Amino acid sequence: MKRIRNIKVKNVFQLSPNMKRITFCSEDLYDFPENEDGGYVKLLFKKKASNDSLSRPYTIRSFRKKKLELDIDFSNHIGNQGFATKWASHAKIGDEILISGPGLKKPINENSDWFFFVGDMTALPAIACFLERIPKSSIGFVVLEIISKDDKIKLVKPKNIKIKWVVKSKQNPSVLENTVKKINWLNGKPFVWVACEFNQMQNLRNFFQKNKQISKHEMYISSYWKLGLDQEEHKLVKKDDSVRWDSN
Ligand SMILES: Cc1cc2nc3c(=O)[nH]c(=O)nc-3n(C[C@H](O)[C@H](O)[C@H](O)COP(=O)(O)OP(=O)(O)OC[C@H]3O[C@@H](n4cnc5c(N)ncnc54)[C@H](O)[C@@H]3O)c2cc1C
């Protein structure tokens, strides 16, 4: 992780009922690298009554170098909220926060025959960045799981990338995985990009690897959070899982 910067809220905009865009601005961003949209920074928090700091990864939705403005889209949690979500839900113009990064950006393979993007609302900012960047002639699918039907937002994308929005509910907890499994597979080799909750990620990884014979090198698959665990606990589980996956 690179140096730490202090950034200030310039604007808060409700993109949808469960997604808020916060625009930050700071002279400290003068040397923030361009072309990192879709990569991530870490928001830094101090634990009360201790010196421990906590970090929460968030996608760089957009960085405008000339204006020194950085956009981050925060999704809401249903139920238990952590430091970052609470902070974002109360954020107002002038509030300050520390960030570190940007972290190392994982490339997407633009030479694949087609794309398959899958994610929940935490992955929506990254998927939105990729859709804006991939060639206009790209084909493929996006399956996005949202919290409510009104969380559907307009995405700039190639004409032949089809988006399927699905709404998660208690009655339909596996809707993301089930929808992915029903998508008609296209000819040629896809590049698969997945980010979502940890257990969903494992199910999808099994599906892509075992049912569709997609190798590790033909996909980026990551958990962005884990139900019932905070980001520190999730990071430990994720590390352990990735060591086991790498040794497969
Ligand atoms: C590379 C990367 C990029 C990311 N980019 C974004 C982004 O652009 N926008 C975004 O909204 N999120 C993004 N995330 C996810 C975000 O970092 C996590 O959701 C994070 O845990 C939120 O921190 P918190 O302090 O609010 O909750 P934590 O303190 O980490 O967790 C508190 C509780 O909330 C639960 N929880 C955490 N996230 C969710 C969730 N999404 N839905 C329901 N319950 C949840 C946990 O299971 C836990 O019980 C990204 C994650 C990664 C790894």
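This report describes the domains, the ligand shell, several strands and some backbone features of a predicted model.

Residue numbers start at 1 in each chain and follow the sequence as written. The model is predicted, so local features need pLDDT of at least 70 and side-chain atom pairs count only at pLDDT 80 or more, while totals for chains, interfaces and linings use all residues.

**Domains and their contact**

The domain assignment of the protein gives domain 1 (4-100) and domain 2 (114-246); such bounds come from an automatic or database domain assignment. The centres of the two domains, taken over C-alpha atoms, are separated by 23 Å. Domain 1 puts 15 residues into the contact and domain 2 puts in 16 residues, where two residues are in contact if their C-beta atoms, placed from the backbone, lie within 7 Å. On the side of domain 1 that touches domain 2, β1 (4-16), β4 and β6 give two or more residues. Helices (H or I, at least four residues) and strands (E, at least two) are DSSP runs, numbered from the N terminus. β4 has the largest share of that side of domain 1, with three residues. By class, this side has five nonpolar, six polar and four charged residues. Ala, Val, Leu, Ile, Met, Phe, Trp, Tyr, Cys and Pro count as nonpolar, Asp, Glu, Lys and Arg as charged, and the others, Gly among them, as polar.

**Ligand shell**

Domain 1 (4-100) and domain 2 (114-246) both contribute residues to the shell around the ligand, so the ligand lies between them. There are 25 residues around the ligand, and Thr-59, Ser-75, Gly-82, Thr-85 and Gln-231 come nearest. A residue is near a molecule or strand if its C-beta atom, placed from the backbone, lies within 6 Å of it. At least two shell residues come from each of β4 (53-59), β6 (69-75), α1 (83-90) and β12 (219-225). β4 gives the most to the shell, four residues. The shell has 11 nonpolar, 10 polar and four charged residues.

| Strand pair | Sense | Bridges | Residues opposite each other |
|---|---|---|---|
| β9 and β10 (residues 161-167) | parallel | seven | Ile-146 and Val-167 |
| β11 (residues 190-197) and β12 | parallel | six | Val-194 and Ile-221 |

Strand β9 (residues 140-146) is largely enclosed by the rest of the structure, because seven of its seven residues are buried. A residue is buried if 20 or more other C-beta atoms lie within 10 Å of its own, exposed if 12 or fewer, and partly exposed in between, with C-beta atoms placed from the backbone. In a regular strand the side chains alternate between the two faces of the sheet. In β9, Gly-140, Val-142, Leu-144 and Ile-146 point one way and Phe-141, Val-143 and Glu-145 point the other way, and all are buried.

From β8 the chain passes through helix α2 (residues 124-133) to β9 in a right-handed β-α-β crossover. A crossover is right-handed if, with the strands pointing away from the viewer, the path from the first strand over the helix to the second runs clockwise. A right-handed β-α-β unit is also made by β11, helix α4 (residues 198-211) and β12.

β12 is mostly covered, with five of its seven residues buried. Tyr-220 is found in this strand, and is partly exposed because 17 other C-beta atoms lie within 10 Å. Apart from neighbours within four places in sequence, Tyr-220 is in contact with Lys-106, Ile-108 and Trp-193. Glu-110 is 110 residues away from Tyr-220 along the chain, and their C-alpha atoms are separated by 13 Å.

**Backbone features in loops**

Most residues other than glycine have a negative phi, and most peptide bonds are trans. The peptide bond from Gly-101 to Pro-102 is cis, with omega near 5°. Pro-102 sits in the loop between β7 (96-100) and β8.

Asn-35, in the loop between β2 (19-25) and β3 (40-46), has a positive phi near 60°. Asn-35 counts as exposed because it has 11 C-beta neighbours inside 10 Å. Gln-213 is not a glycine either, and its phi is positive at about 50°. Gln-213 lies in the loop between α4 and β12 and counts as exposed, with 8 C-beta neighbours inside 10 Å.

Notes. Two strands pair if DSSP finds at least two bridges between them.
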